[in-house]
Amino acid sequence: MTHILFVLAAVFSTVVLCASEPIMRVGLLTDTHVKKNVESCKLIESAYAFFRKQNVDMVINAGDIAHVYDVRAYRNYRDTVIKAYKGAEKRPIEIFAYANHDRIGREKESVWEVFKDVKRELGIPNEPYDVIKHKGYTFVVVPQYIDMDKYAALLDAAAKENPGKPFFVIDHIPPRATVFRTNPVKEKRRLLLEKYPNAVVFCGHIHNTLRNERCIWQGEFTAVSLGSQYNWHISLVGTVPPFFKSDMFAVLEIFKDKLVIRRYLPNHKEFRADKPWTIPLPFDPKTAPYTIERKTAESTEPEFPANAEIKTEISDNGVTLSFPRSTYPEGVVRYMIELFRDDNGEWRKISRQDITGDFMMDEPERKTPASHTVNPGFFDAGKKYRLKVTPVNLYGKRGKGLVSEFTAPEFAKHTLIFESKNPMQELEFKSGLAGGKPFKLDKDGFYIHDDYNGRLIFPENVWAGKRKTRFRFTVDMHLKQGIDAWSVVLRNPKPQSNANARIATESGDHGVQRIIIEFEKEKSNFNYYLLIREGGAGKIRFDYVKIERISK
C-alpha cells in the first residue's frame with residue numbers, strides 16, 4: 001500500500017510540474033543595429049546565452065538587424081549565435097523581420113533584392129513574408145515595406161486555422177495608436193488587425209525600453225513593443241530629447257490558458273519578476289488587463305514628496321532648476337516644465353519644456369534630484385518669470401505641480417547673425433524636403449500645413465562658420481494642431497543631417513510659444529532649414545526668428 005501511495009504521489013508531482021511548464025518558450029528582441037565591429041554584438045551574445053539557459057524553442061528578432069547594410073555586421077551576428085550555442089545539441093528556430101535599416105546604403109536598389117542578400121549573408125531561414133508553425137502555434141512574418149493585401153491574406157488564414165487560439169505576428173512597424181511612442185491616430189495596420197482579436201503582434205522600430213509598462217497594449221488585439229538593443233528616447237515637447245542605452249530582451253512563455261512575457265536586464269536579472277506581463281487566454285477584450293482604459297483607471301496621480309520645492313540657480317548658462325523626484329510605483333514618464341512671463345500683471349505661458357521622468361530608473365537612482373536648465377534665450381532682463389513643474393505618469397495623469405518665481409538678470413550677449421520680426425513676409429515656408437510649393441494662408445494669416453514635411457528657409461549665409469561653430473536658433477510660433485502633433489528639427493538637405501534630435505510640439509492651440517535649439521555645426525558647408533514634419537494637418541504662424549553665433 002505504501003509503495004502504491006508513493007507511486008501515485010510521484011505521478012501527481014510529475015503532472016503538476018508538467019502543468020507549470022510552458023508548452024513553448026520564445027526569446028524576443030529587436031532593433032539590434034549590429035555593426036562591422038564585433039563589440040556591437042555584445043548584447044546579442046548576452047541575450048542568446050540566456051536563451052540557451054532557458055532552452056527556448058525559438059528566437060524572434062523584430063527587425064533592424066544591422067545599423068546599415070553590411071556583410072561584416074551580418075557575419076558578426078551569425079558568429080555570435082554560433083558561439084552562444086557552441087556544443088549544443090540543437091539550436092532554436094530563428095525568425096527575423098526585414099526592415100529599413102538593413103537596406104541603408106542600398107536605397108536605390110530594389111528592396112527585395114537587398115533583402116535576398118540580407119537573408120543569404122545572415123543565414124535567415126524565413127522569407128520577408130512567411131508563416132512558421134511550431135508546436136501547434138502559428139507565427140506570421142511580414143516586412144516593413146508591406147503589401148496590405150498580402151498582410152490581410154496571411155492574417156485571415158492564420159485566424160481561420162487558429163479559432164479561439166492566439167497566433168503571433170512579427171512586424172517591425174508597430175500598429176499606430178497602440179504601444180508607447182506610436183502615433184495617436186490609427187492607420188491601415190491598426191485598422192486591419194482590429195479584425196483579429198487573437199492576434200499578438202511583436203514589433204520594434206520605435207526604440208522603447210522594456211522598463212516601460214506601456215510597451216504592452218491591448219484593445220481589439222494585443223501588441224508588444226520589444227524595446228531595442230541599441231538606444232531609446234521619448235518625444236519631449238519643446239526640448240531636444242536625450243538618448244538612453246537600451247539593452248533589455250524578453251522571453252515569451254506559452255501556456256494553454258495564458259501567455260507570460262518576462263523582461264530581462266543584460267545581467268540576466270528579471271525586471272519586475274513579481275509582475276510579468278500575463279495575458280489570460282482565451283482573449284477577451286472586455287477583461288484584457290493591458291487596455292489603456294483599464295491601466296489608466298488603475299493608475300494614480302504622481303505626487304511630489306511633502307514640502308518639496310524648486311531650487312533655482314541663475315548663471316550665464318541660463319536658469320537651472322532642481323527638484324525632488326515624484327514618488328510613483330511605475331515611475332513618472334515626464335516632468336512638464338512650463339515657463340510663464342508676467343505681462344502687465346498677467347501670467348502668459350511662453351514655453352513648455354519636458355524632461356524625461358524616472359520610469360526607467362531603479363529605486364536608488366530616483367533619490368537623486370531631477371534638474372533642467374532653461375536656456376537664457378527665453379528671458380528678457382528685468383522681467384518676472386514663473387516656472388511650474390508637473391509630474392505626468394505613463395497614462396497621462398498629472399500630479400500637483402511645484403512653482404517658483406524669479407526676476408531675470410542680464411545674460412551674456414552673443415553675435416547676432418540674423419533676426420526677423422516678420423518672418424511670414426521675409427522667409428519662405430515650403431512643402432517637402434526639396435523644391436515644393438509655398439503653403440497657402442488662411443484668412444487669419446496662418447499657413448495651412450497639410451503636407452508631411454514643411455520647411456522654413458533662411459538666407460544661405462546665416463550658417464557660415466567652421467565645423468563645430470556653435471549656434472543658437474530661436475523661433476516664436478503659434479501652432480494649431482489636432483492630437484497628431486508635429487516634430488521640429490534643423491536639417492541640412494544634402495546630405496540629410498539633423499542638427500538636433502526631434503523636438504515634439506504640443507497638440508492643440510496654446511498661443512505663441514518659443515523653441516530654442518542650440519547645436520554645433522557638423523560640417524563647415526552645412527546650411528540648415530527648419531523642418532516641421534510628421535503629425536497631421538494643422539496651422540502655423542511664425543512670429544519671430546533669431547540666429548546667434550555663440551561665443552566660446
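## Thr474 and its surroundings

Leaving aside residues up to four places away in sequence, Thr474 touches Arg514, Ile515, Ile516, Tyr544, Val545 and Lys546. Thr474 itself is found in strand E27. Its relative accessible area is 1%, so Thr474 is buried, the limit for that class being under 20%. These values, like those that follow, are computed from a predicted model.

## Overall architecture

The chain contains 8 helices and 33 strands. Its C-alpha trace spans about 95 × 60 × 45 Å along the principal axes. For 552 residues, a compact globule would have a radius of gyration near 24 Å, and the 26 Å found for the chain agrees with this.

Of the 552 residues in the chain, 54% are buried. Among contacts with a separation of 6 or more, 70% are made by residues 24 or more positions apart. The accessible surface of the chain comes to about 25,400 Å², and carbon and sulfur atoms contribute 51% of that area.

## Aromatic pairs

Across the whole structure, a search finds 39 aromatic pairs. One of these joins Phe50 and Tyr264 in a tilted arrangement, with 4.3 Å from centre to centre and 45 degrees between the planes. Phe50 belongs to helix H2 (residues 42–54) and Tyr264 to strand E13 (residues 258–264), so this pair ties together parts that are 214 residues apart in sequence. Phe50 counts as buried at 6% relative accessibility, and Tyr264 is likewise buried, with a relative accessible area of 6%.

Trp463 and Phe519 form another tilted pair, in which the centres are 5.7 Å apart and the planes make an angle of 55 degrees. Here too the pair links distant parts of the chain: Trp463 lies in the loop between strand E26 (453–457) and strand E27 (470–481), whereas Phe519 lies in strand E31 (residues 508–520), at a separation of 56 residues. Trp463 is buried, with a relative accessible area of 1%, and Phe519 counts as buried at 2% relative accessibility.

## Aromatic cluster and charges over rings

Phe50 and Tyr264 are also members of one aromatic cluster, together with Tyr48, Phe51, Tyr77, Tyr85, Phe96 and Phe249.

Charged side chains lie over the faces of some rings. Lys258 is placed over the face of Phe255, at 5.0 Å from the ring centre. Arg455 lies over the face of Tyr529, where the distance to the ring centre is 5.9 Å.

Side chains of opposite charge can pair when their charged atoms come close. In this structure the count comes to 50 salt bridges. One of them is formed by the side chains of Glu253 and Arg25, at 3.7 Å from N to O. Glu253 is part of strand E12 (residues 249–254) and Arg25 is part of strand E1 (residues 24–29), so the bridge ties together parts that are 228 residues apart in sequence. Both partners, Glu253 and Arg25, are buried.

A salt bridge also joins the side chains of Glu330 and Lys295, again with an N to O distance of 3.7 Å. Glu330 sits in the loop between strand E17 (318–323) and strand E18 (332–343), and Lys295 sits in helix H7 (residues 292–298), so parts that are 35 residues apart in sequence are tied together. At 16% relative accessibility, Glu330 counts as buried; Lys295 is buried as well, with a relative accessible area of 14%.

Arg472 forms a salt bridge with Glu518, and their closest N and O atoms are 3.0 Å apart. This pair links distant parts of the chain, with Arg472 in strand E27 and Glu518 in strand E31, 46 residues apart. Are the two partners buried or partly exposed? Arg472 counts as buried at 6% relative accessibility, whereas Glu518 counts as partly exposed at 28%. Strand E27 also holds Thr474, whose contacts include Arg514, Ile515 and Ile516. Strand E31 covers residues 508–520 and contains Phe519, the partner of Trp463.

Elsewhere, salt bridges link several charged residues into a network, made up of Arg75, Arg106, Glu109, Asp117, Arg120 and Glu121.

Key:
Residues numbered from 1 in each chain as written. Predicted model: local features only at pLDDT ≥ 70, side-chain atom pairs only at ≥ 80, totals over all residues. Heavy atoms only, no water. Phe/Tyr/Trp six-rings, centres within 6.5 Å; stacked < 30°, edge-to-face > 60°. Helix = DSSP H or I, 4+ residues; strand = E, 2+ residues; numbered from the N terminus. Buried < 20%, exposed > 50% of the residue type's maximum accessible area, 1.4 Å probe, protein only. Lys NZ or Arg CZ within 6 Å of the ring centre and 35° of its normal. Salt bridge = Lys/Arg side-chain N within 4 Å of Asp/Glu carboxyl O. Rg over C-alpha atoms; globule rule 2.2 N^0.38 Å. Contact = heavy atoms within 4.5 Å. Areas by Shrake-Rupley, 256 points an atom, 1.4 Å probe, with all protein chains shown as cover.
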